[in-house]
Amino acid sequence: MRRSLVLVAVLAVLAAGTASAARRDTTLSLVAYSVPTAVYPKLIAAYQATPQGRNVKFATSFAGSEVQAKAVVAGLPADVVNFSLQPDMDELVRAGLVAKTWDANPYRGIVSKSVVVFVLHDGNPKHIRTWDDLVKPGVQVVLPNPFLSGGARWDVLAAYGSQLREGKTPKQALAYLQQLFEHVVSQDTSARNAQNTFLAGRGDVLIDYESNAKLAQSQGRPIFYLIPKATLQIETPIAAVDGSNRAAAQRFVTWLTAPAAQTIWAQNGFRSVVPSVEKRFAAQFPPRPLLFTISWLGGWSKLNPRFFDPTNGIVAKIEQGLGVSTGG
């Protein structure tokens with residue numbers, strides 16, 4: 001009888017220890033680009049309402065994608081990273097912080113989509129409709145700095161690719177980029193900061209994410225946007241960072257592509273990666289006749305060094321010719 005009582009006591013201690021461990025909070029550090037700043041609190045709250053997220057807390061950081069990637073490599077704590085573009089994720093792979101197989105899932109590591117749009121002041125006083133309108137005399141363009149912001153790289157390649165989709169030659173497309181940058185009057189550190197500059201009255205048109213424009217409208221900002229016929233599909237990557245919280249981070253990353261999470265993304269202006277959710281919100285996200293992707297342009301592995309090398313890239317040469325520093 002005494003032996004049985006001892007056994008019961010031991011089992012009780014073990015059970016208490018297990019329960020205590022189950023209740024122990026995990027804090028995940030989420031490091032992301034600037035655009036989803038407003039949606040992540042909603043996603044996090046929804047995740048924390050699930051059994052797997054009940055004991056998970058979050059610390060968040062939002063800034064330009066390039067800035068964030070460099071900060072993580074330099075030591076900024078991160079368990080989950082959501083960047084604007086793949087080359088920033090590649091930086092973490094090369095640093096040994098993210099597994100080479102980060103994109104080995106049904107969505108190729110992409111958590112949300114968007115498209116490049118023109119954001120305009122109410123009334124559209126310059127009557128801007130097309131990419132050609134952006135380089136007309138007197139038109140002032142706002143976009144982020146392509147050497148700090150992933151959003152700006154999407155913008156630049158949307159401009160270049162739009163010319164190809166409209167039947168222009170690569171030489172003509174590059175000439176268009178030169179013209180476009182001659183009309184740029186502001187280059188902020190992130191897409192969110194560029195939008196704030198535009199909303200403060202600078203420029204006639206902001207080249208931006210559709211999701212960012214939708215957010216501004218939902219907040220009652222005095223703008224509207226249009227999607228040009230030829231535009232680029234934005235695809236934003238996400239991954240769990242190697243470390244002590246890797247398993248918990250991966251559970252959150254996986255949940256973010258579940259239909260429940262993708263519904264929240266869609267309700268907040270982002271195009272879903274899940275076909276069933278995408279179909280449900282189709283009316284809010286119209287297709288464009290000349291939509292194209294990064295793969296159609298050749299892929300990031302070719303485009304990033306060709307256009308965005310800070311010393312010898314196409315955009316660096318254009319910026320240097322205009323007296324703008326590229327950090328190269």
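Axes are lines fitted to C-alpha atoms, for helices over the stretch in contact, and angles between N-to-C directions run from 0 to 180 degrees. This briefing concerns a predicted model, in which local features need pLDDT of at least 70 and side-chain atom pairs count only at pLDDT 80 or more, while totals for chains, interfaces and linings use all residues. Residues are numbered from 1 along each chain as its sequence is written, and side-chain values use heavy atoms, with hydrogens and water left out.

**Helix packing**

- Helix α7 (residues 191-199) packs with helix α8 (residues 210-218) at an angle of about 45 degrees, and their axes lie 11 Å apart; helices are DSSP runs (H or I, at least four residues) numbered from the N terminus.
- α7 is therefore oblique to α8, a term for angles that are not under 35 degrees (roughly parallel), over 145 (roughly antiparallel) or 65 to 115 (roughly perpendicular).
- In the contact (heavy atoms within 4.5 Å), A191, R192 and Q195 of α7 meet N212, A213, L215 and A216 of α8.
- This contact of α7 with α8 has four nonpolar, two polar and one charged residues by class; Ala, Val, Leu, Ile, Met, Phe, Trp, Tyr, Cys and Pro count as nonpolar, Asp, Glu, Lys and Arg as charged, and the others, Gly among them, as polar.

**Largest pocket**

- A pocket is an open set of points on a 1 Å grid over the protein atoms alone, where a 1.4 Å probe fits, with protein on both sides within 12 Å along at least five of seven lines; lining residues have an atom within 4 Å of a point.
- The largest pocket has a volume of about 310 Å³, the volume being the space filled by probe spheres set on the points.
- Among the 19 lining residues, E66, E91, R153, N304 and F308 are the closest to the centre of the largest pocket.
- α4 gives the most to this lining, with six residues.

Note on methods: Helix = DSSP H or I, 4+ residues; strand = E, 2+ residues; numbered from the N terminus.
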